[in-house]
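Welcome, and thanks for taking a look at this one with me. Here are some notes to read alongside the structure, point by point.

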Amino acid sequence: MLVWNAEVSRQQSDVMQEKSDDMAKIMEVARRIGKGAKVPASDEKKLMDYSMEVYLAAKNLAMLNERKKREKYKSLWEDEDDRQRQEYDPQEKAENAETSVGLPDTSPVGGVDEILSEGADTPME
């Protein structure tokens, strides 16, 4: 159970790390648009999907900066689109985990076998 809980916690932290990375990329796209730079349409769409207000603010800021030299950027999400994500199962990890703790001793306590065997011959009322 502890192994499973640890694996679920690790999995949740991985997801939170991914989400914070996406948030940083979204803010970077908004900054670039605000500077008047050219960004890929897919990045612009991700920003729109995240927040229309942030997108419009970045576009308004870009209009103020339209006379400045524009830079052109590649997509921040290209590397994620190319690789496939592996599904992770904490239950499988817990089932295949090894531990140095042995199993508890389940041998019967002295005298219990005799009591149980005597009771087996007598019918229940």
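1. K59 is partly exposed, its relative accessible area being 30%. Please keep in mind throughout that this is a predicted model.

2. Which residue does K59 pair with in a salt bridge? The partner is E44, and the closest N and O atoms of the two lie 3.2 Å apart. E44 sits in helix α2 (residues 41–50) and K59 in helix α3 (residues 52–64), so this pair ties together parts that are 15 residues apart in sequence. E44 is buried, with a relative accessible area of 16%, whereas K59, at 30%, is partly exposed.

3. Side chains of opposite charge can pair when their charged atoms come close. In the whole structure, a search finds six salt bridges, and the E44–K59 pair is one of them.

4. Now turn to helix α1, which covers residues 2–35. Here E7 forms a salt bridge with R10, with 3.4 Å between the closest N and O atoms. These two are three residues apart in helix α1, so about one helical turn separates them. Is E7 buried or exposed? E7 is buried, because its relative accessible area is 11% and the cut-off for buried is under 20%. R10, in contrast, counts as partly exposed, at 35% relative accessibility.

5. Salt bridges that share partners join E7, R10 and D14 into one network.

6. The side chains of E28 and R32 meet in a salt bridge, at 3.0 Å from N to O. E28 and R32 are four residues apart in the helix, or about one turn. In this pair the glutamate, E28, is partly exposed, with a relative accessible area of 24%, while the arginine, R32, is buried, at 11%.

7. M27 itself is partly exposed, with a relative accessible area of 37%.

8. What is the separation of V8 and K93, along the sequence and in space? The two are 85 residues apart in sequence, yet their C-alpha atoms are 9.8 Å apart in space. V8 is another residue of helix α1, and it is buried, with a relative accessible area of 17%.

9. That pair leads on to contacts across the chain. Among contacts in the protein chain with a separation of 6 or more, 81% are between residues 24 or more positions apart.

10. Finally, the overall picture. How many helices and how many strands does the protein chain have? There are six helices and zero strands, so from the N terminus on, the elements, taken as DSSP runs, read α-α-α-α-α-α. The chain has 125 residues, and 20% of them count as buried. Its accessible surface comes to about 10600 Å², with 54% of that belonging to carbon and sulfur atoms.

Definitions and conventions
Residues are numbered from 1 along each chain as its sequence is written. This is a predicted model: local features need pLDDT of at least 70, side-chain atom pairs count only at pLDDT 80 or more; totals for chains, interfaces and linings use all residues. Side-chain values use heavy atoms; hydrogens and water are left out. Buried means under 20% relative accessible area, exposed over 50%, partly exposed in between (1.4 Å probe, protein chains only). A salt bridge is a side-chain nitrogen of Lys or Arg within 4 Å of a carboxyl oxygen of Asp or Glu. Contact means heavy atoms within 4.5 Å. Accessible areas come from the Shrake-Rupley method with a 1.4 Å probe; for residues, only the protein chains shown count as cover.
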